[in-house]
Amino acid sequence: MIDQVQPAQLQDWIASQAPNGATVVLDVREPWEVQTASVQPQGFELVAMVMHTIPARLQDLNRDQPIACLCHHGARSMQVAAFLAQQGFSHVANITGGIHAWSSQVDASVPTY
């Protein structure tokens, strides 16, 4: 199952996943998008990995570690979350609304684009 987590609820999800280790927020956007707008890690490790590179980089991710996927609006991150779950990752979430929702719910200083 893939949890759907609003940006404002992410800290609660991270707390619920604490027994499983430190949470990674996996930003699957293109480099120019990350450069345009990014989140500040607060209670999680931020890892940027472009969506199309993930199949070749699965070994860079820990299957047992909680991973919350992030993109612009939530569609690409949902695809990545589903792929990770199919690959045996056990604690996966999609940050619904993506970085756009992050700007309105968590940190208004994050630019929208």
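This is a predicted model: local features need pLDDT of at least 70, side-chain atom pairs count only at pLDDT 80 or more; totals for chains, interfaces and linings use all residues.
Trainee: Which residue in β3 is the bridge partner of L26?

Mentor: β2 and β3 run parallel and are joined by 4 bridges. In β3, the bridge partner of L26 is V47.

Trainee: How does the span of α3 stand against the expected value, and what are the two figures?

Mentor: Helix α3 covers residues 75–86, which is 12 residues. At 1.5 Å a residue, 16 Å is expected. From first C-alpha to last, α3 reaches a value close to that, 17 Å.

Trainee: Why do the buried residues of α3 line one face of the helix?

Mentor: The buried residues of α3 are S77, V80, A81 and L84. An α-helix has 3.6 residues a turn, so positions three or four places apart point the same way. Viewed down the axis of α3, the buried residues line one face because they fall within an arc of 100°.

Trainee: Which exposed residues does α3 carry on the face turned away from its buried side?

Mentor: The buried residues of α3 pack against β2 (24–27), β4 (67–70) and β5 (92–95). The face turned away from that buried side carries two exposed residues, A75 and Q86.

Trainee: Which element gives the most residues to the largest nonpolar core?

Mentor: This core has 17 residues, and L26, I54, I67 and L84 touch the most other members. The elements giving two or more residues to the core are β2, β4 and α3. With 3 residues, the element that gives the most is α3.

Trainee: Leaving aside neighbours within four places in sequence, which residues are in contact with L84?

Mentor: L84 is buried in α3, whose buried residues pack against β2, β4 and β5. Leaving aside neighbours within four places in sequence, the contacts of L84 are L26, I54, L58, L61, I67, C69, F89 and V92.

Trainee: How many residues are in the second, separate core?

Mentor: Among its members are V5, A93, I99 and W102. This second core has 15 residues.

How values were computed:
Residues are numbered from 1 along each chain as its sequence is written. Side-chain values use heavy atoms; hydrogens and water are left out. The expected span of a helix is 1.5 Å times one less than its number of residues. Buried means under 20% relative accessible area, exposed over 50%, partly exposed in between (1.4 Å probe, protein chains only). The arc is that of the directions from the helix axis to the C-beta atoms. Contact means heavy atoms within 4.5 Å. A nonpolar core is a set of buried Ala, Val, Leu, Ile, Met, Phe, Trp, Tyr and Cys residues joined through side-chain atoms within 4.5 Å. Two strands pair if DSSP finds at least two bridges between them.
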